[in-house]
Amino acid sequence: MRKALFISQNSIRILLGIFFIVSAVMKVLSIDTFVMYVFSFKILPFFITEILCRLLIAFEMLLGLLLMLKVQYKWVWWISMATMIGFTLFLTYVTIFRNDANCHCFGDIIEVKPLVSIFKNLAVMGVMVLVYGKCNRSWCLGWLKDEGGNEKFHCELVPDRDVFCSGDDYPKMAKILIYSIGGLAIFVSTFVCFPPNAIFNKIFSQNDLVATSVYEKAIQDSLVYLHFTHVKYDETKDTVTFQVDTNYYQKQEGTYIIAVVSSGCKYCKQSCELIHNIFDRNELPSDRLQFWMWGPNEPHCGRFLRLTKSWEHDAYRISPVLAVDMVYGSFPTFLVVRDGKIINAFNYRGIEEGRIVKYVKGE
């Protein structure tokens with residue numbers, strides 16, 4: 001009976017570790033959406049938000065790994081419990097003061113409402129309470145020497161020990177190897193495979209993102225043809241209403257950003273919502289951001305404005321051929337325009353809050 005209880009309690013501990021790791025992996029697989037969600041709270045600049053989100057994911061992975069390996073179990077248990085309490089308090093705030101459809105606890109792979117996630121966290125904390133202090137025995141793996149001096153591997157059940165707990169240098173080397181591989185995997189998965197935009201932009205900088213001649217022809221021939229005017233958001237119906245104006249495109253003076261996007265592109269939606277949040281957080285003039293969209297019809301473009309919460313900015317519907325030729329089929333692409341002339345361009349990975357603010361303010 002005691003052996004069965006021991007196995008069940010340690011199985012729960014391992015499952016808790018897997019839970020933390022799976023949650024972190026789902027976040028990192030949808031890191032762009034997760035970062036944008038955290039940034040929507042408008043607490044920190046975008047670059048710092050990117051770093052902290054990746055550190056949070058790495059921290060969650062580390063907790064899961066330490067729980068599974070039963071390293072410093074009591075300390076890890078208390079840190080894990082404090083983390084779950086912190087997440088629950090945050091979700092309580094979100095439930096009361098925001099109307100989010102997804103708390104991004106599992107990224108955007110599994111959508112979970114904040115209220116549902118609160119009960120999920122309470123259940124996890126209840127399970128953690130059940131195994132607190134109960135997993136005080138573990139299998140000890142090590143190397144011993146018999147009477148003849150030959151080394152042999154042994155496995156036994158001992159109280160309050162780490163996974164590797166006795167023997168000569170082999171267990172210590174195994175410890176170092178496992179911890180090094182685990183730490184390297186966490187770092188690579190969060191900061192190398194999915195680098196922050198600013199770092200990515202410095203390492204993998206791209207040029208010639210836009211065909212300037214096509215842009216200039218579009219301005220001269222007024223190929224930018226459908227202007228969305230009187231755009232309003234109806235909160236009751238959760239929809240965007242607008243009128244369509246076919247007047248010629250009017251070039252603006254000063255510096256502004258033009259987002260060339262596809263209304264059905266996932267990354268276009270994410271990046272445009274992000275840039276809208278940057279404008280909102282820094283109180284930049286809304287007319288300094290324009291959207292040049294191509295899509296199957298006007299309602300589809302209106303849906304894009306609703307999903308990105310960017311109905312207060314100028315929006316145009318352009319032809320697909322023009323859009324593809326202008327940015328070589330790469331969406332989204334952002335043009336930095338000064339007095340009608342392109343002075344720079346960047347893609348989604350090139351979004352940097354500080355640089356956008358400087359462009360718009362003319363610094």
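This is a predicted model: local features need pLDDT of at least 70, side-chain atom pairs count only at pLDDT 80 or more; totals for chains, interfaces and linings use all residues.

Biologist: Which residues of H4 are buried?
Modeller: Tyr 73, Val 76, Trp 77, Ser 80, Met 81, Thr 83, Met 84, Thr 88, Leu 91 and Val 94.

Biologist: Pockets next. What volume does the largest pocket have?
Modeller: About 1,200 Å³. Its lining holds 29 residues. Nearest the centre are Asp 100, Glu 273, Arg 306, Leu 307 and Lys 309.

Biologist: Which helix gives the most to that lining?
Modeller: H9, with seven residues. Helix H2 (31-39), helix H9 (266-281) and helix H10 (298-308) each supply at least two.

Biologist: And how does the lining of the largest pocket split by class?
Modeller: There are 14 charged, eight polar and seven nonpolar residues.

Biologist: What about the second largest pocket, what is its volume?
Modeller: About 490 Å³. It is lined by 26 residues, and Phe 34, Val 38, Leu 56, Phe 87 and Phe 90 are the closest to its centre.

Biologist: How does that lining divide by class?
Modeller: For the second largest pocket, 18 are nonpolar, four polar and four charged.

Biologist: Where do those residues come from?
Modeller: Helix H1 (2-29), H2, helix H3 (46-69), helix H4 (73-97) and helix H5 (114-131) each give at least two. H3 has the largest share, five residues.

Biologist: How many cavities of 30 Å³ or more are there?
Modeller: One. The volume of the largest cavity is about 50 Å³. It has 10 lining residues, with Asp 32, Val 35, Phe 46, Glu 50 and Tyr 348 closest to the centre. H2 and H3 are the elements that give two or more residues to this lining. H2 provides the largest share, four residues.

Biologist: Which classes line the largest cavity?
Modeller: Six nonpolar, one polar and three charged residues.

Biologist: Switching to the sheet. What is the strand order?
Modeller: It is an open sheet of seven strands, S5-S4-S8-S7-S6-S9-S10, with mixed pairing. Strand S5 (239-245) and strand S10 (341-347) are at the edges. Each has a single partner strand, so one side of each has no neighbour in the sheet. On average, neighbouring strands are turned by 30° against each other, direction ignored.

Biologist: In what sense do S4 and S8 pair?
Modeller: Antiparallel, over three bridges.

Biologist: Now the backbone. Which peptide bond is cis?
Modeller: The bond from Phe 331 to Pro 332 is cis, with omega near -5°. Most peptide bonds are trans. Pro 332 sits in the loop between helix H11 (320-327) and strand S9 (333-338).

Biologist: What about Tyr 328, what is its phi?
Modeller: Positive, about 55°, although Tyr 328 is not a glycine. Tyr 328 is also in the loop between H11 and S9.

Biologist: Is Tyr 328 buried or exposed?
Modeller: Exposed, because its relative accessibility is 52% and the cut-off is over 50%.

Biologist: And where does Asp 339 lie?
Modeller: In the loop between S9 and S10. Asp 339 has a positive phi too, near 55°. Its relative accessible area is 48%, so Asp 339 counts as partly exposed.

Key
Residues are numbered from 1 along each chain as its sequence is written. Side-chain values use heavy atoms; hydrogens and water are left out. On a 1 Å grid over the protein atoms alone, a cavity is a set of points where a 1.4 Å probe fits but cannot get out, and a pocket is an open set with protein on both sides within 12 Å along at least five of seven lines; lining residues have an atom within 4 Å of a point. Grid points are joined across faces, edges and corners, and a volume is the space filled by probe spheres set on the points. Ala, Val, Leu, Ile, Met, Phe, Trp, Tyr, Cys and Pro count as nonpolar, Asp, Glu, Lys and Arg as charged, and the others, Gly among them, as polar. Buried means under 20% relative accessible area, exposed over 50%, partly exposed in between (1.4 Å probe, protein chains only). Two strands pair if DSSP finds at least two bridges between them. Axes are lines fitted to C-alpha atoms, for helices over the stretch in contact, and angles run from 0 to 180 degrees between N-to-C directions.
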